[in-house]
Amino acid sequence: MNYIYSNYTKYVNFFGKTNPLELIKKYGSPLYVYNENILRQRCQQMKNLVTYPNFSVNYSTKANSNLYFLNVVRDEGLNVDAMSVGEMSFELKAGFDPAQILFIANNVSAEEMKFAIDNKIKISVDSLSQLETYGKINYGGDIVVRFNPGVGAGHNKKVVTGGKNTKFGVTPELIPEVKNILKKYNLNLIGINQHIGSLFMDTEPYIDSVNSILAIAEEFENLQFVNFGGGFGIPYYKQNFQMRLNISLLGEELDRTIKKWVKKCGKKIHFKIEPGRYISAECGVLLGTVTALKQNYENKYVGTDLGFNVIERPILYESHHDIEIYRDEPSTSFDIEEVTIVGNICESGDILAKYRNLPKIKEGDIIGVVDAGAYGHVMSSNYNLRLRPAEVFINKADTDILTRRRDTINDLFAPYLI
Ligand SMILES: *Cc1c(COP(=O)(O)O)cnc(C)c1O
């Protein structure tokens, strides 16, 4: 078939043996589509980041918690992070061993901690008060503490999670107090972790933060591991030829930093990273349908079924996603026009892509939102009582399989008692 504007998905053969039009016809619109081969490549790239042997990758499930997705991640030999009881439950359901899961708790209740303890899942706490809470319910247990080394990075202030202006982590000045609480409850500090923020595109902030947490690691005797966090960025501006994060350079620098520290301290401990977006973002394309076109004063609007109930990132972080256009039409004139692509939610902020220069779009065209595999479906909602989309995988054989059906109206009624 002829696509109008689809360089990226064509280049990576994203849709395998099928195509966006067929997929929408078969599964309805909107639709999240993931490519299993890309997912596997990203897992392997992260697993092979360094040559230091005691190294593992905890995929951050919050970026994409589709069960089939988690199964592939497990099959590739990765471990996982969880942020909630729901995520731990999904990970267990996907066959992860409790020992492969780390619950990264932030302001959680004692009941949530208890769920992890009962399931033999290790917990990372990120404040003195949460460390006390843990000590009270699991005297003598193993614990991980998240530190905030005062370095942050990220694409938007909402996702910078390290540094002096965020709610996360224990500041290094409080190390003596951490030690007091550990002693008071006879806790065994098995690891420390950090996460400086999301979507860095240079190696420097990450390596800086690695050095900071390694300095903190020297304060503790019996650590089994240090977890450096995630945040590895992906190029969202592919149509503008944005450079990729230089992963091999980052790997080399990380390797060198780790080996130097190990040599200096004589501790052959385990190191972890916890990428979410890097593994999942580029595996996903969100498909939707153009339902209306209009000119409102100065602006040309393309109306679609891709409201912020389906993909929230653009309005939450003002983030950019490249847009592709699929239409089976042999002769295409490439008249470019500036359009704003919007959804069908009753709010004026419901904007998917602002002032984009794109080939002329027609009613009925299928739109592709590129790099939608991270923080996409997981952030979708039933706002306006709309149905969250189905999720389809293009599997290793390049064939489509439905992994999660679309919500039904009955799913919306289900929790009601009266
Ligand atoms: C969200 C999160 C990650 C993953 O972040 P990405 O930017 O998706 O790589 C890793 N660690 C923690 C603690 C997080 O909260």
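Visitor: What makes helix H1 stand out in the lining of the second largest pocket?

Guide: Helix H1 (residues 7-11) gives the largest share of that lining, three residues. A helix here is a DSSP run of H or I with at least four residues, a strand a run of E with at least two, numbered from the N terminus. This is a predicted model, where local features need pLDDT of at least 70, side-chain atom pairs count only at pLDDT 80 or more, and totals for chains, interfaces and linings use all residues. Residues are numbered from 1 along each chain as its sequence is written, and side-chain values use heavy atoms, with hydrogens and water left out.

Visitor: Where does the second largest pocket lie relative to domain 1 and domain 2?

Guide: Domain 1 (2-34 + 282-413) and domain 2 (36-279) both contribute lining residues, so the second largest pocket lies between them. The bounds come from an automatic or database domain assignment.

Visitor: Why is a set of points called a pocket, not a cavity?

Guide: On a 1 Å grid over the protein atoms alone, a cavity is where a 1.4 Å probe fits but cannot get out, whereas a pocket is an open set with protein on both sides within 12 Å along at least five of seven lines; lining residues have an atom within 4 Å of a point. The largest pocket holds about 890 Å³, with 42 lining residues, Thr61, Lys62, Met83, Glu87 and Tyr375 being closest to its centre. That volume is the space filled by probe spheres set on points joined across faces, edges and corners.

Visitor: Which elements each supply at least two residues of the largest pocket's lining?

Guide: Helix H4 (67-75), helix H5 (85-93), helix H11 (277-280) and strand E17 (400-404).
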